[in-house]
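Please open the model in the viewer and keep the sequence panel beside it. The stops below are given as selections, each followed by what is found there.

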Amino acid sequence: MGTQKSTYNYIAVNNKLRCLTLVITLITLMGVISMSGMAQTQGDSLFFPETGHWVTNEFLEKYNSVPNNRELFGLPITDVIVDEDTGLLIQYFEKARFELHPGASPELRVQLTPLGEYLYSQGEVLPIPPNFPSCRHFPETDHKVCYAFLDFFEANGGVLQFGYPLSGFETHDGWIVQYFQRARFEWHPERHAGEQVVLSNLGTRFFRFTGEDSVHLQPNVGNHIPMQSVSNLSVHAFVSSPITQIGGVQTLNVIVYDQTFHPVESAVVAIVVKLPKEEPIEKIMAPTDKRGLSNHEFVFEGSMSGTAEIIVTVTYDTIRKQTRTSFQLW
C-alpha cells in the first residue's frame, strides 16, 4: 500500500507540474502574440510592427509629447532619413513630417514640416455665416475655425500644434475640410459623435508629392534600430602622399564616423595648414558625403622644405572634434 500511495503521489505531482508547465507556456505564447501587434520599446527607440519602422531619440520625444500621438501624427512610414535639399534629418509619419534642426533651442529642435502650406490648393469654398457665434477668427490669416473643427483645434494644441488656418471650409476629395499650416482637418459624419474630425494623411501625400524614394517605405527588415542621433564623432585625417615635392600636389582626406561607427554626412570640416616658415592657411573643405568623407587638394608652390602640419576641426550639430596630420615637403 505504501508503494502504491507513493506512486499515486508521484503521478499527481507530475500531472500538476505538467499543467503548470502548460499554463506557463500558454502565458508566454500569449505574450509573444500580443507583442507582435504592439509597438515595442528598446531604450530610446520604439518599433511599430504595423509599418515596420522605428521612432528614436528626439523624434520619439516629440512623438510622445502629445497623449494622442497616433491621432495627430499617425504611424511612422519611414525610418529617419536625410533631406537631400536641406541636409536635415527627417522622418515621415502618416499625418506629419518631423525635422531635426540641430542649431535651434532644445524645445525647437524637432519641428513639424508645414505640410498644409506646401500642399494647399483651393477647393470649392463653403460659406460660413457672418458673425456666427461658434467660430474663432484668426487675423493672422483672416480665416475662421468653426463648429467641431474649432473644438478639435482647441482640444489638441491649437496654433502651436497645427499653425494658423489657411482656408475656411472647402470640399476636397469628397470631404468637407479645412487647411492649416501643418495639417488638414476632415469632417467624417459617418463616425461616432466626438470622433468625426480626422486629420488627413498629409505626411503620406507629401512623401509622394516630393518624389521621395519609395524604398524608404519598406519595413525595417529584422527590426534593426535605424540611424541614431549623433552623440559623438570619430575623426580620421590622412594625406595621400607622406612626402610631397615643393611645388607638388597634396590631397587631404577626412573621414568622420559617429558613436556607432556609421559615416556622418554633412559634417563641416575646417582646416588650418601650417607650412614651414609661412603664415597658417585656413580653409573650409566640402562637407562630408554619405560615406563620411571629405577631401581637398593643395598645390604647394614656393614653399620651403620641412614638416607641414594640418589641424582638422570637424563640427556636426553642437559636437566638435579635432585631429591632426602632417607630411614632409621636400
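Select strands β16, β22, β21, β18 and β19: these 5 strands form an open sheet in that order, with mixed pairing. Strands here are DSSP runs of E of at least two residues, helices are runs of H or I of at least four residues, and both are numbered from the N terminus. Two strands count as paired if DSSP finds at least two bridges between them. β16 and β19 (281-284) are the edges, each with a single partner strand, so one side of each has no neighbour in the sheet.

This is a predicted model, in which local features need pLDDT of at least 70 and side-chain atom pairs count only at pLDDT 80 or more, whereas totals for chains, interfaces and linings use all residues. Residues are numbered from 1 along each chain as its sequence is written, and side-chain values use heavy atoms, with hydrogens and water left out.

**Along β22**

Then move to the hairpin of β21 and β22, where 2 residues lie between the strands and D317 takes a positive phi near 60°.

**The sheet β4 to β7**

Select β4, β5, β6 and β7, which make an open sheet of 4 strands in that order, with antiparallel pairing. Its edge strands are β4 and β7 (110-112), each of which pairs on one side only. Between β6 and β7 there are 3 bridges in the antiparallel sense, and F98 stands opposite L112 in β7.

Stay with this sheet and show the side chains of D83 and R97. They form a salt bridge, with the closest N and O atoms 3.5 Å apart; the term denotes a side-chain nitrogen of Lys or Arg within 4 Å of a carboxyl oxygen of Asp or Glu. The pair links distant parts of the chain, 14 residues apart: D83 is in the loop between β4 (81-82) and β5 (89-92), and R97 is in strand β6 (residues 97-100). Both D83 and R97 are buried. Burial is judged by relative accessible area with a 1.4 Å probe and protein chains only: under 20% is buried, over 50% exposed, and in between partly exposed.

**Helix α7**

Select helix α7 (residues 202-209), in which L202, G203, T204, F206 and F207 are buried. Its buried residues pack against β5, β6, α4 (115-119) and β13 (183-187), where contact means heavy atoms within 4.5 Å. After α7 comes G211, whose phi is positive, near 70°.

**Further salt bridges**

How many salt bridges does the count come to? The count is 12. Show E186 and R184, which form one of them, with the closest N and O atoms 2.9 Å apart. E186 is buried, with a relative accessible area of 10%, and R184 is buried at 1%. Now turn to D289 and R291, a salt bridge whose closest N and O atoms are 2.8 Å apart. D289 is partly exposed because its relative accessible area is 24%, whereas R291, at 56%, counts as exposed. Finally, select D173, R184, E186 and R205 together: salt bridges that share partners join them into one network.

**Q178 and its surroundings**

Select Q178 in strand β12 (residues 175-180). Q178 counts as buried because its relative accessibility is 0%. A polar atom of the Q178 side chain lies 2.7 Å from the backbone oxygen of S167. Apart from residues up to four places away in sequence, Q178 touches several residues, including K144, V145, F149, P165, S167, R184 and F185.

**The disulfide**

Last, show C135 and C146, which form a disulfide with sulfur atoms 2.0 Å apart; the cut-off is a pair of cysteine sulfur atoms within 2.5 Å. A search of the whole structure finds 1 such link. The link of C135 and C146 is right-handed, with 110° about the S-S bond. C135 lies in strand β9 (residues 135-138) and C146 in strand β10 (residues 143-146), 11 residues apart. Both C135 and C146 are buried.

Key. A polar contact is a pair of N or O atoms within 3.5 Å; within protein, one must be able to donate a hydrogen and the other to accept it, and residues adjacent in sequence count only if both atoms are side-chain atoms.
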